Amino acid sequence: MSTTDKPFSAGSDEFGRNFWRTAAPAKVALPDLTASSIADIDFRLLADNVPTPCWIANGDGYIVWYNRRWHDYCGSTPEAMEGWGWQSVHDPALLPVVLDRWNASIATGEPFEMTFPLKGGDGVFRPFLTRVQPVPDATGKVVRWFGVNTEILDLIAAETAFRAERDRSRGVLDGMTEGFVLMDPDFRILDINAEGLRLDRRGRQEIVGKTHWEAWAGTEEAEQGKMYKAAMASREPSALEVHHLWEDGHSAWVDIRAYPHPEGLAIFYRDITARKVADQALRRAGEMAAKEAAERAAILGQLTEGVIVTDAAGQIIFVNDAAARLHGVTQLDVAPDDYTDTYHLLTETGAPYPPRELPLARAVLDGESTVDARWRIERPDGTQVRAIGSAKPISNDGQGAIGAVLTVRDDTERADVEDRLREASQRLEILNRTGASLAGELDLERVVQMVTDAGVELTGAQFGAFFYNTINEAGEAYMLFTLSGAERSAFEGFGMPRATAIFQPTFQGEGVIRSDDILLDPRYGHSAPHHGMPKGHMPVRSYLAVPVISRAGAVIGGLFFGHAQPGRFNERHEGLMIGIAAQAAIAMDNAALYQAAQRDLSERRRAEEELRHLNETLEQRVAEEVAERNQAEEALRQSQKMEAVGQLTGGIAHDFNNMLAVVIGSLDLLGRRIGSEDARARRYVDAAADGARRAALLTQRLLAFSRQQPLKPEPVNLNKLVAGMSDLLHHSLGGEARVETVLAAGLWPTHVDPNQLENVVLNLALNARDAMPGGGRITIETGNAHLDGRYVKSHLGVPAGQYVLVAVSDTGSGMPPEVIAKAFDPFFTTKDVGKGTGLGLSQVYGFVKQSGGHVKIYSEPGEGTTVKVYLPRLLGHDGDASDQDESSPIPYGDQQEVVLLVEDEPAVRQFSTEALEELGYRVLAADGALAALRLLDAHPEIALLFTDVVMPDVNGRELADEARRRRPHLKVLFTTGYTRNAVVHNGVLDPGVELLGKPFTIEELAAKVREVLDMRGGEVGE
């Protein structure tokens, strides 16, 4: 007996499984597969639009290709997934089992079927049923594997769903036209509907609570009892037609269908006596005369089930009234290929039913019997009916088929009940899962995320959010805590919602707010500044908001759900979300208490740790505090000493200058009177004058130390100043010391007397040379520096801030600490008598301090010395005027030189044209590439193409390429508002092209045009 001859006990699932396991071997040898060999655009288009992830592997299991749905779900790339990359989206705990099963299938060549979770691009694991079909070649060797992953999150959990929906479905069940009985795993009757009681002719109390064998004696060992036991054991649907005799003596033919579900078996049955009579009448139809045919038609016309009969060729010869009402069509002489179009038949998914796959067509053409097939009928008025029916060939006592008969009825009510049961089961499973997760979760963030995710799943919302009830000082804002179904970036630009008429009732705990279309809600759109949703907000029509209220009665926050289509939420969704919100409130209270306890414990541990640390480090901190105070006192004494010495030396220098003025003036007068007649007297006067000038120089150094010399500060570029001292330093230092300069890029300007700063650098360089009698290296460095609070704390009188640094280092003998402590004292020197005045570093110290800076010596005996001078940064100044290049004469052209200007912006084109004409060139202007090429062809005298880079339709580079193709020696100059690097990085121009950036001056334009015209050659990008 073929699969289609079996009764319904095989079930549609078994049929699907058997069909899937049937391999279709290739008829020819297949080469090894690579991703590039899958080139058929139609196949790729089909595969990428299949709504389930699928993939192809070689015979060894190496996966070479996935469809787009796989990458959309996993958030992956083909490169990351190829081969064995699929393991990255598997649950690590289950991956070994999956690998064992997969390797076993590869080894045996058997189909692979397994349910396991796969991780989506959002990080969430969802269950998938994975089926992999082997494809053998002509020799039987498996050379391909085709895999399909089907998400099964929505499978029916019938046991829980039926209990949850029993009360709701009672009216539907009692209104059905067929009997219904629900049995537990021990075959005890849990429920029976009104039609079942009518057929049985007994009261509910005589049946419910008994086993089936007690309620209907003798059925345990009968056919129907065996079917029930088999269905319960196999968990597969079954069907049977029996002639049942009740205890009160009445009997009927009954069509029984058993559907296993988690609580046992659901039994649907109906009286098919009329159909049996019809079948018997039809079997005699071929032998009956016209009168008998008319009688048969009359009988069939009275049946409540639809009946359609065909002849041996498949032409429809009879349609009873019930079938006509069901289809809304009555048409005879319809051939099998026209069944679908004439009677508007659709598959369960809504697609046109292939005509020769219809049960009636298969019965008449292939001799197959079909039981309880399902399809949809689209009536002429646009309504759809869900139909169920059976078809079988009509035989003439073994003489062959003389036609076929289809019995069909409206199955919409029962199918809708199944759909509601499935939905209810899914909702209850989500509620149970969420409740179980919340009961053991103490992390507040995870609690809120689980609740929001469950709400989106239960309501079918496009997105959901939880907002904390934390109002700002103005009483207008709430804090977005978590999102589901949308990225946080979709809301970041809008700020938090305010206490509007839509939001406020939720946060005040007034109850659930549900709107079928929020745009039509009278409370919507009255608040400034947006008067509704801000521009760019995700579209919302259906709106549902539920407050989350703690056990203490405070409103913790609100759950908000939205959908772009109106009318998507109903009362059932409200009830579900009220339950979810109650669970969420308890879990959030528990999590908050736990977090508060954890914070208290952490705070206590931190306080204990701090106390322990304070006790352990008390002596150390006291010692550090004493040392720091001693250091500060020493710095203060040193500062006071330097200040006192400075005041003393300043006063002496001032008085000494007054005396030197008398001496030098007198010597000048004396020299004028003596003249040149007395040579000896002249020598005495000159010697005295030279000594006076040297004494004046010493007083200047004393004044510099005392910070009383007159300074002329101005903005100074320290890099330029040091670089300009190169000749002076080499001349002053001689050849024994090698000078190196390290100048920092981006150096800040400073505001000092440049002449005195040159003296500082020279003094430091001379001291460095003297510290290296055998020669060595002097390094002069510049840089930007920041002296922070920690540094200035240990250096009295130094303000924190930004400084410009110049440092002079040598590789000489270095200085011990006691020498460093006196190095800035006036007249202190370590040089031999007659080789130093002891005022060089004093002058440096005084100038730096007078300029608001800081100087520091770093030295160790035998390691050399570094003197660092910190001068305050000058803010709001980019450099002195000397940094600017001097202007050069503007180069002009002549009327013999023709420039083709291409610019799509009219204002820029006008300016550029007038500028080029002002410079003496003849200009031809075009607003785009097409006009430019026409001008180029018409004017062979054009010497330069001056074109914008970014233009609509054809860009400047493409225009230049075409122009060079026509005029190989044409010179090209590009212009663009982008920087050169931006253009190169965007791939528009190659490096090395001639480019003039916008905006440009006439001087820049003149120089660049002249430069390009004077260049040899004209290759773009050469």
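Q: Which residue lies over the face of tryptophan 213?
A: In this predicted model, lysine 229 does, at 5.5 Å from the ring centre.

Q: And what sits over the ring of tryptophan 748?
A: The charged end of arginine 873, 4.2 Å from the ring's centre.

Q: How many aromatic pairs does the structure hold?
A: There are 11. One of them is tryptophan 102 with phenylalanine 112. Their ring centres are 5.7 Å apart and the planes meet at 80°, so this pair counts as edge-to-face.

Q: Where in the chain are those two?
A: Tryptophan 102 is in helix α5 (residues 95-108), and phenylalanine 112 is in strand β3 (residues 112-119). They are 10 residues apart.

Q: Buried or exposed, tryptophan 102 and phenylalanine 112?
A: Both are buried. They also belong to one aromatic cluster, together with Trp55 and Trp145.

Q: Switching to strands: which ones pair with β16?
A: Strand β11 (residues 306-311) pairs with β16 in the antiparallel sense over 6 bridges. Strand β15 (residues 384-395) is also antiparallel to β16, over 9 bridges.

Q: What stands opposite valine 405 and valine 408 in β16?
A: Valine 309 faces valine 405, and glycine 389 is opposite valine 408.

Q: Why call β16 largely enclosed?
A: Because 7 of its 10 residues (401-410) are buried.

Q: Last one, where is valine 993?
A: Valine 993 is in the loop between α31 (980-985) and β33 (995-997).

Q: Is that residue buried or exposed?
A: Valine 993 is buried, because its relative accessible area is 6%, under the 20% cut-off. Its C-alpha is 8.6 Å from that of valine 972, which is 21 residues away in sequence.

Terms used
Residues numbered from 1 in each chain as written. Predicted model: local features only at pLDDT ≥ 70, side-chain atom pairs only at ≥ 80, totals over all residues. Heavy atoms only, no water. Helix = DSSP H or I, 4+ residues; strand = E, 2+ residues; numbered from the N terminus. Buried < 20%, exposed > 50% of the residue type's maximum accessible area, 1.4 Å probe, protein only. Pairing = 2+ DSSP bridges. Phe/Tyr/Trp six-rings, centres within 6.5 Å; stacked < 30°, edge-to-face > 60°. Lys NZ or Arg CZ within 6 Å of the ring centre and 35° of its normal.
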